[in-house]
Amino acid sequence: MKKRKFIKLLTFGLLLPFVSLKAFATEIKKVIKSNKEWKKILTTDQYYILRQEGTEHPYTSPLDNEKRQGEYFCAGCKTALFNSKMKYDSGTGWPSFFEHYPNVIATKLDFKLLLPRTEYHCAVCEGHQGHVFNDGPPPTGKRYCNNGASLTFVPKA
Ligand SMILES: [Zn+2]
């Protein structure tokens with residue numbers, strides 16, 4: 001009797017990781033489009049940044065000085081990536097955040113400049129957003145240096 005209960009518990013414990021993995025997989029539904037489809041729905045600047053890993057000139061985005069409360073969405077697939085509580089003024093000329101919503105950002109190493117940098121993109125549509133550095137403020141110490149053109153800001157109503 002005791003042994004059976006133990007086996008039941010063991011089976012449950014073994015299955016648990018698969019259950020949670022499945023829940024996670026259904027949570028993130030990828031948005032996949034061809035370059036032609038993206039070109040139709042994005043502006044030239046948005047396409048250059050999101051789909052070609054471009055970088056806008058500093059101090060050109062109105063979102064750099066945006067101080068209202070609200071949420072920042074991926075301009076490609078409208079996934080919420082940041083909110084105004086995660087934003088700070090880094091003085092770099094790009095909208096900067098020290099944190100992002102969970103499970104919506106993915107990173108990779110970028111060797112475009114001499115030193116490798118950590119590129120990050122929207123986990124849903126894989127649209128490039130910016131680069132992350134380790135010189136941000138507490139509590140994370142991270143600086144998500146984001147292009148403004150790849151974000152859509154929606155002020156809190
Ligand atoms: Zn996206």
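I started at Pro139, which I found in the loop between S7 and S8. Helices and strands here are DSSP runs (H or I, at least four residues, for helices; E, at least two, for strands), numbered from the N terminus. The peptide bond from Pro138 to Pro139 is cis, with omega near 10°. I noted beside it that most peptide bonds are trans, and that most residues other than glycine have a negative phi.

A reminder to myself before going on: this is a predicted model, in which local features need pLDDT of at least 70 and side-chain atom pairs count only at pLDDT 80 or more, while totals for chains, interfaces and linings use all residues. Residues are numbered from 1 along each chain as its sequence is written.

Next I looked at the strands on either side of that loop. S7 (residues 128-133) and S8 (residues 143-146) pair in the antiparallel sense over 4 bridges; two strands pair if DSSP finds at least two bridges between them. His131 stands opposite Cys145 in S8.

Then I asked myself: what is the strand order of the open sheet of 6 strands? I read S3-S4-S8-S7-S6-S5, with antiparallel pairing. The edge strands are S3 (87-88) and S5 (105-110), each of which pairs on one side only.

Which residues does Arg117 contact, leaving aside its neighbours within four places in sequence? They are Asp110 and His131, where contact means that the C-beta atoms, placed from the backbone, lie within 7 Å. I also checked Arg117 against Phe133: the two are 16 residues apart along the chain, and their C-alpha atoms are separated by 7.8 Å. Arg117 counts as partly exposed because it has 16 C-beta neighbours inside 10 Å. The cut-offs are 20 or more other C-beta atoms within 10 Å for buried, 12 or fewer for exposed, and partly exposed in between.

I went looking for positive phi values next. Glu126, in the loop between S6 and S7, has phi near 65°. Glu126 is partly exposed, because 17 other C-beta atoms lie within 10 Å. Glu53 is found in the loop between helix H3 (44-52) and S1, and its phi is near 55°. Glu53 has 17 C-beta neighbours inside 10 Å, so it counts as partly exposed. Lys78 takes a positive phi near 65° in the hairpin of S1 and S2, which has 5 residues between the strands.

That hairpin got its own line in my notes. S1 (residues 70-74) and S2 (residues 80-83) pair in the antiparallel sense over 3 bridges. Tyr72 has Phe82 in S2 as its bridge partner.

Stepping back, I counted 3 helices and 9 strands in the chain, following the pattern α-α-α-β-β-β-β-β-β-β-β-β along the sequence. Of the 157 residues, 25% count as buried. Among contacts between residues at least 6 apart in sequence, 54% join residues at least 24 apart.

Last, I checked confidence. pLDDT is the predictor's confidence in each residue, from 0 to 100. The chain has a mean pLDDT of 89, and 83% of its residues reach 70 or more. Over residues 19-23, pLDDT stays under 50, and the model has 0 contacts beyond four places in sequence for them. Where pLDDT is low, the predicted coordinates should not be read in detail.

Terms used. Two residues are in contact if their C-beta atoms, placed from the backbone, lie within 7 Å.
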